[in-house]
Structure formats: C-alpha cells, structure tokens
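Here are a few friendly notes to read alongside the model. They go from single residues to the whole chain and back again.

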Amino acid sequence: MILILVPNTRPESPEYKQLMAHLANFPGISTRVHTEVGAEQSLTEIYLIGNTKVLPIEDVSCLPCVDRVVRVSEEYRILGRHKNDDRPTYFEYNGVRFGQDTLNVFAGLCAVDTIEHVEMMMKSLREHGQVCTRMGAYKPRTSPYSFQGHGKTCLPYVFDIAGKYGIKVIAMEITHESHLEEIRNALYQTGNATGVMLQIGTRNTQNFELLKIVGRQQNFPVLIKRGFGITLDESLNAAEYLASEGNRKVIFGLRGMKTNMGDPHRNFVDFSHVPVVRRLTRMPVCIDPSHSVGTRASSPDGILEIMHVTAQGIIAGANMVLVDFHPAPSNALVDGPQALLIKELPQFLEDIQIAREAYEKRTLLAERYRETLNSDVI
C-alpha cells in the first residue's frame, strides 16, 4: 500500500509526526519513505510493507496529511500500474520531460572515439533541434581484446562539447560503481555543462548489487535495458530493484532478444512489447533499433531496416529512441556496421515524426471508438 501525502508535507510538521506514530502501531507492517523534490513542490510517498490487506483504504485515507492511497499488487510494486493509481507516468530531468506521453531521440556515438567525431555529432544534433544524445565512455565487450571505451579520460571534453551545443542529456552506460563518481567529478569540473542518464546494459540487468547502488543515487535518471536470455518479467523486476532503493526516474529499454531465431538481424526485435511494458508499468519505454538489427541493410523499398523497426516501435507507442550514428562508420571502434551516417539524421528524424503522427492518429481513433462502444452499452 502506498500513502501519497499532501504536497509539501514536511517531516517536522505535527501532522507528519502524528501520521508516522500511527503507522508505527500497525502490527507486522514496516514503512519506507520516499520524497521527490521538484522545482515547485516536494512530494512524499510512504510505502507500507507487510500484510496491508487488512487495512481498509477508507480508514487510511483519513489519516493526517494523507492525500490519497494506492493499494498495490504483488508485481512491480513501485513502478507498476495499480488499480486507482493516478501517479504520474513521467519525470523531468535537466529541463527535459520523459514520460509515456513524450518522445525523445538519443542519437549519437555508441562509443566515443575522437574529440572531432564527438563535436561533429553534437553540432549536427543542434542543427536539427535535438537536445539529447548517446555517448559511450565505458563499453563492456564480449572479447577482452576489444576496445573497452576511453572511460573517464573522455568525459571532460564530451561534457564540454555538450554544453557548447546545448545538449541537455547524454545517455551513458556504466558497468561499475566507480563510474558514478567519475561522472559526477567530470560534470562538476565542467560546471555541470550537461546532464547524464545512466544506462544499465543488457549484461548487467541481473547484476543486483550494481542495481542497488545505482538505485540509491537520485542525481541521475536510469535507462535499464532488457536482459538477453531472461524473461520480460525478470527484466521488469530488475527495474524494480532500482526503484526499491529510491530512484524512481527509470526508463525501460527494449533492445532485442538474443536468439538465432531473429537471424539475419543481430537480435530478435521485441518492439511488440512496447505496449505491454506501458500497460504493466508507469515507466517510459525506450527502443534500441541499432542493437536489435545490427546492420545497415535496406529493404527493397529503399528504407533502412533500422528505420523500419524504429517506426514499428514508435507506432506502438515508444517514448524514447536510442540509436547509433557515426561520422565515419567504417572507422568506428565499436559497432560500426550498424551505425547510421550523420547525413542520414534528418531523414531518420522525419521518418520518426511520420510514425509518431500515425501513433497519435491511432490513439484518437481508439478513443473515438471506445466512446462509441461505451455509449452503446449505456
């Protein structure tokens, strides 16, 4: 059960102390408090953990400073959708809104290689009205002999250039808790020129200790990718690890499933799960067409297959796209064969807009028919 308190309720207020004293008397029930501090107000949620089925919602709703009460199901207690749950399906970070009603594109370098390529990428993004990008500094690789990323040495110039071109959020995978401090230090050194969205890659989806550490910090939002070789339910529970430790600014990423059933694509494209994740949880949903397809192959209609699957995800309601671009893919140190060319960025963005408009038309159509069906029932 979740108690959502009246906005701006302060822990030192008499009403809050009275509420916590009352909750302490519930046998077998513990509490966990979470507070989100926004620009205009703070919101506090109190999670009651234990056998809350015996607690009538009507009685709990009347407790001091309680605004509303949500009775949660067993699955995805914090990030899930629950009956009569009107908690928001969005969050804001560094001036950018992320939610189930938004669409953000993170086009960029899978792995940072040279300062010149970083600048070329971010310059092009600004020219096309984009404020987000992906820049890989830490790269987990299957082979120990493959390029592992420049690590902390590239962070200062990446953040500096981002600030120069007005890039507000950089998606960046981390593989170890030490990377958190390295990112914080580099941001501080560059005057917080930009913001960072941490990525938990598919290999670390079940690295539970890393999930707990990342979840305990609330400075950075987190994009957690679906783990390959595990079920969707197991991956959603990995996201719940983050939220259970305190960080509710979580985006769930679909990046294809590891199986040869998807050949000749790199992974089996799983974007049909976009509406499923939106139905089961309140998380925005990201698609990664680059790692799903893995090549620059085109279909007979002349459209790149990466663009085709991107449109499939967008038209199903995806809220974020993580996609590889590179000024010279043949020279890329990581995943060059799947990277799009910078000159293809305007086509990619326009194609996304077409798919998004189709999605919006579909939702209006569904709403119109739903109203018709409801009136027929009445």
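1. Does Asn8 count as buried, partly exposed or exposed? With a relative accessibility of 41%, Asn8 falls between the 20% and 50% cut-offs, so Asn8 counts as partly exposed. Please keep in mind here and below that this is a predicted model.

2. Asn8 also deserves a look for its backbone. Its phi is near 70°, a positive value in a residue other than glycine. Most residues other than glycine have a negative phi, and most peptide bonds are trans. You will find Asn8 in the loop that runs between strand 1 (2-5) and helix 1 (14-23).

3. Asn192 is another non-glycine residue with a positive phi, of about 50°. Its loop connects helix 5 (178-189) with strand 10 (195-200). Asn192 counts as exposed, because its relative accessibility is 53%.

4. For the peptide bonds, please check the step from Asp263 to Pro264, which is cis with omega near 10°. Pro264 sits in the loop between strand 12 (250-254) and helix 8 (274-280).

5. Lys152 is in the loop between strand 8 (132-134) and helix 4 (155-164). Its relative accessibility is 53%, so Lys152 counts as exposed. Beyond its neighbours within four places in sequence, Lys152 is in contact with Tyr138 and Glu182. Asp233 is 81 residues from Lys152 along the chain, and 34 Å separates their C-alpha atoms.

6. Now for the overall picture. The protein has 11 helices and 15 strands. Along the principal axes, the C-alpha atoms fill a box of roughly 65 × 60 × 35 Å.

7. The domain assignment gives domain 1 (2-70) and domain 2 (90-360). Six residues from domain 1 and five residues from domain 2 take part in the contact. The C-alpha centres of domain 1 and domain 2 are 35 Å apart.

8. Among contacts between residues at least 6 apart in sequence, 70% join residues at least 24 apart.

9. Last, the surface and the charges. The accessible surface is about 17700 Å², with 52% of that area belonging to carbon and sulfur atoms. The protein carries 40 positive and 43 negative side chains, and the centres of the two sets are 1 Å apart.

Methods. Residues numbered from 1 in each chain as written. Predicted model: local features only at pLDDT ≥ 70, side-chain atom pairs only at ≥ 80, totals over all residues. Heavy atoms only, no water. Helix = DSSP H or I, 4+ residues; strand = E, 2+ residues; numbered from the N terminus. Contact = heavy atoms within 4.5 Å. Areas by Shrake-Rupley, 256 points an atom, 1.4 Å probe, with all protein chains shown as cover. Lys, Arg positive; Asp, Glu negative; His and termini not counted. Charge placed at Lys NZ, Arg CZ, Asp CG, Glu CD. Buried < 20%, exposed > 50% of the residue type's maximum accessible area, 1.4 Å probe, protein only. Domains from an automatic or database assignment.
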